[in-house]
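Take a look at the sequence and the model below. The report then walks through its contacts, step by step.

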Number of protein chains: 2
Amino acid sequence: MLVVRRVTSVPVGTPRRVTILDVAARAKVHPATVSRALTRPEKVAPATRVRVERAVEQLGFVPNRAARVMKTGRTGNIAVIVPDITNPYFGSMVRAVERTARESELQVLLADTGEHPREEVKVARALAHDVDGFVVMSPRRLHRELEALGSMPAVFVQRPVRGHASVLLRSAPAVHEALIHLATLGHRDLVFLGGPTSSWAAGERRAAVRKTSGPVGMQVRMIDTPAPTFEAAFDAVPRVLDSGTTALMAFNDQMALGVIAGLARLGVSVPGDISVIGFDDVPMAAMVAPPLTTIRLPTDEAGVAAVELFQGEGTPTTELFGTFVPRESTGKVTKRRASAGANGARPPSGGGRG
Amino acid sequence: MLVVRRVTSVPVGTPRRVTILDVAARAKVHPATVSRALTRPEKVAPATRVRVERAVEQLGFVPNRAARVMKTGRTGNIAVIVPDITNPYFGSMVRAVERTARESELQVLLADTGEHPREEVKVARALAHDVDGFVVMSPRRLHRELEALGSMPAVFVQRPVRGHASVLLRSAPAVHEALIHLATLGHRDLVFLGGPTSSWAAGERRAAVRKTSGPVGMQVRMIDTPAPTFEAAFDAVPRVLDSGTTALMAFNDQMALGVIAGLARLGVSVPGDISVIGFDDVPMAAMVAPPLTTIRLPTDEAGVAAVELFQGEGTPTTELFGTFVPRESTGKVTKRRASAGANGARPPSGGGRG
DNA sequence: ATGAAAGCGCTAACAA
DNA sequence: TTGTTAGCGCTTTCAT
């Protein structure tokens, strides 16, 4: 004999996901109407819309993104390609992008290239089919191999790219301020410790320094390093000392810290003997001793702008400007140093704070 | 008259994406066979498989993820929920997750909660339908509101959660080493400057310190701060000085730097007067002056382990161990300080390097 | 080992 | 304003 039991509990296993059909049934309308009510509410009678909304609410309906993608081709995803998410400078841009994207119900697919230019192209290819477009930060190569993006729109941060939107962080005005600051403190020489030559930002900063130095009456010397890192800057310290300069500007804060560490090791004090300026204003810059004079770049705004450009708002290229942040790694020229030229190890002189 | 021109160039506009049908046609097999050749090659005759593979190659076919999702329910996406991507500690975990995921053709959807516990739940809900599972870093709330994850698998980093996989970074052995290091330098007192009470990691570190201090013959005092930040630590400095301690361990490197900065402001030198130990070993820890003695947590391994657990490899909970990294922010107890007790401003004593 | 056929959930033409 | 219909591209029984 066959026994039929009434099942009182919900069936086990993953419950079938509620679809637009369930909503339609409950709201007593056609599925297509539900779809309309959700995507173009204005094309539906107010009363109907309310019924649909209520049904959606009650059933906890969430549209199936995959199905939507199949029909529309739009994924609701945005790929963010970043050289190094470990760097707080990029971290804060990514954070801003993600927040802004979320407000538009866009999801962020993250790809970190580990500073390897080739990876940019690879990950772009891998992601191209699953996103509506790209935000590419400080591209080193992708801007030349655009076909990797497929037909997707892209916003480039820290590099202008023909035919694409971009967000540029400009430093000229802030650099101008910084050099005046140094000049006021009596400095007449400046070393710029450069970043990677393939980086647009490095070029922009270098150019800003060059352009500004003349009018301010300052002699500039460029010193290159193999990489924009703490270590490379640390190692470049002997060359810095040889130059006899009293002031130095580094491509980024990490490098500024590398210089300071290298100088400290040789008994040269900052800002007592040499003034140092960084770039970016990463959070750590305010936390070290001496707190780092630097040029802050508006990374949050850059992230927001990138998403807005992505959505077609705003101008096709957005320029944002850095601001000069004087702290304690810059100070007056001391006679000793100004007249010293090259310089060897020497006992610390107090560090200029207290 | 109708003129028909031969079109030699590719049609303009977005070319239709190549589908499995195109591949099938080219390989002269049924579309279903193509699908099989791609997903379960062993179920297809070698010769056929080769033909299919060649066609795929020639046409540059990439399977449509959305279509696949519709059939299988698997998205190939993994959500990573992180409190603050700006913190290099999380940054490096995320980097490791992303890399490891990519090797398995998983894509990473990033969500940053900005340290707001509620956001964890919100973003989990928002993402649940579009991912195969979650990696949640240092959860503050989501571990209690698991229903937000839907039926997805999840790996929790820095918190054990019943029924879920987790990756735990344990510090006890490293803390033991650190305290022995301090004891050897003559320290008999230690302040632990705590992190957020709702953080599992903070509890674990506190417990490790408590447990180890006795056997090492060290007196421990806990000082709490409102947040695990540089600023909070900076502000806690007077309390630290009141305690009369000669050594301090902070919940993380940022806090350690905050303490050092606060001490410097009052003319107290590190490690001359007080030894300071951090936690995490963020890159910056090695770059400051004095370089920070700290406990390194294997964030990269944690990220890799998280993805492996996610894929069902490895044990359901993975424990990884921190290592003690002595640098220059710890030093011998000076008699002056050891007998001083509470302490006011005083001129710097040289900083202990050079 | 391969082919045939159905359908995942949604949206956009088009019809009424 | 709402309903009808078709189909996006793929995988997966089932049949051959």
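Around DNA strand C there are 25 residues. The closest are A:Thr19, A:Ile20, A:Ser35, A:Ala67 and B:His30. This is a predicted model. Four helices each supply at least two residues of the surface near DNA strand C: α2 and α4 of chain A, and α2 and α4 of chain B. Sorted by class, this surface near DNA strand C holds twelve nonpolar, eight polar and five charged residues.

Now turn to the other strand. DNA strand D is surrounded by 26 residues. Here the closest are A:His30, B:Thr19, B:Ile20, B:Ala32 and B:Ala67. Which elements give two or more residues to the surface near DNA strand D? They are α2 (31–39) and α4 (65–72) of chain A, together with α2 (31–39) and α4 (65–72) of chain B. The largest share comes from α2(B), with six residues. The classes near DNA strand D are twelve nonpolar, eight polar and six charged residues.

**Where the chains meet**

The two protein chains also touch each other. Chain B gives 40 residues to the contact, and chain A gives 39 residues. On the chain B side, α4, α5 (88–103), β2 (107–112) and α11 (253–265) each supply at least two residues. That side of chain B has 23 nonpolar, eleven polar and six charged residues.

One helix pair links the chains. The axes of α4(A) and α4(B) are 8 Å apart, and the two helices pack at an angle of about 140°. That angle makes α4(A) oblique to α4(B). Their crossing is left-handed. Which residues of α4(A) and α4(B) meet? A:Ala66, A:Ala67, A:Val69 and A:Met70 come from α4(A), and B:Ala66, B:Ala67, B:Val69 and B:Met70 come from α4(B). This contact has eight nonpolar residues, with no polar and no charged ones.

Some of these names have come up before. A:Ala67 is among the closest residues to DNA strand C. B:Ala67 is among the closest residues to DNA strand D.

**Inside chain A**

The domain assignment of chain A lists domain 1 (20–72), domain 2 (77–167) and domain 3 (170–297 + 320–343). The C-alpha centres of domain 2 and domain 3 of chain A lie 30 Å apart. Seven residues of domain 2 of chain A are in contact with eight residues of domain 3 of chain A. The domain 2 side of this contact has three nonpolar, two polar and two charged residues.

| Helix pair | Axes | Angle | Handedness |
|---|---|---|---|
| α4(A) and α4(B) | 8 Å apart | about 140° | left-handed |
| α5(A) and α12(A) | within 7 Å | roughly 40° | right-handed |
| α7(A) and α8(A) | within 9 Å | roughly 40° | right-handed |

Start with α5(A) and α12(A). They span residues 88–103 and residues 299–310 of chain A. These helices are therefore oblique to each other. Residues of α5(A) in the contact include A:Tyr89, A:Met93, A:Val97 and A:Ala101. Among their partners in α12(A) are A:Thr299, A:Gly303 and A:Val307. By class, the contact of α5(A) with α12(A) has ten nonpolar, four polar and two charged residues.

Next comes the pair of α7(A) and α8(A). They cover residues 172–184 and residues 200–216 of chain A.

Most residues other than glycine have a negative phi, and most peptide bonds are trans. Where does this model depart from that pattern? The peptide bond from A:Val270 to A:Pro271 is cis, with omega near 5°. A:Pro271 sits in the loop between α11 (253–265) and β9 (275–280) of chain A. A cis peptide bond also joins A:Ala289 and A:Pro290, with omega about -5°. A:Pro290 is in the loop between β9 and β10 (293–296) of chain A.

B:Ser138 is not glycine, yet its phi is positive, near 45°. In chain B, B:Ser138 lies in the loop between β3 (133–137) and β4 (154–157).

Note on methods. Residues numbered from 1 in each chain as written. Chains lettered and ligands numbered in written order. Predicted model: local features only at pLDDT ≥ 70, side-chain atom pairs only at ≥ 80, totals over all residues. Near = placed C-beta within 6 Å. Nonpolar A, V, L, I, M, F, W, Y, C, P; charged D, E, K, R; others polar. Domains from an automatic or database assignment. Contact = placed C-beta atoms within 7 Å. Axes fitted to C-alpha atoms, helices over the stretch in contact; angles between N-to-C directions. Parallel < 35°, antiparallel > 145°, perpendicular 65-115°, else oblique. Left-handed = near helix turned anticlockwise from the far one by under 90°.
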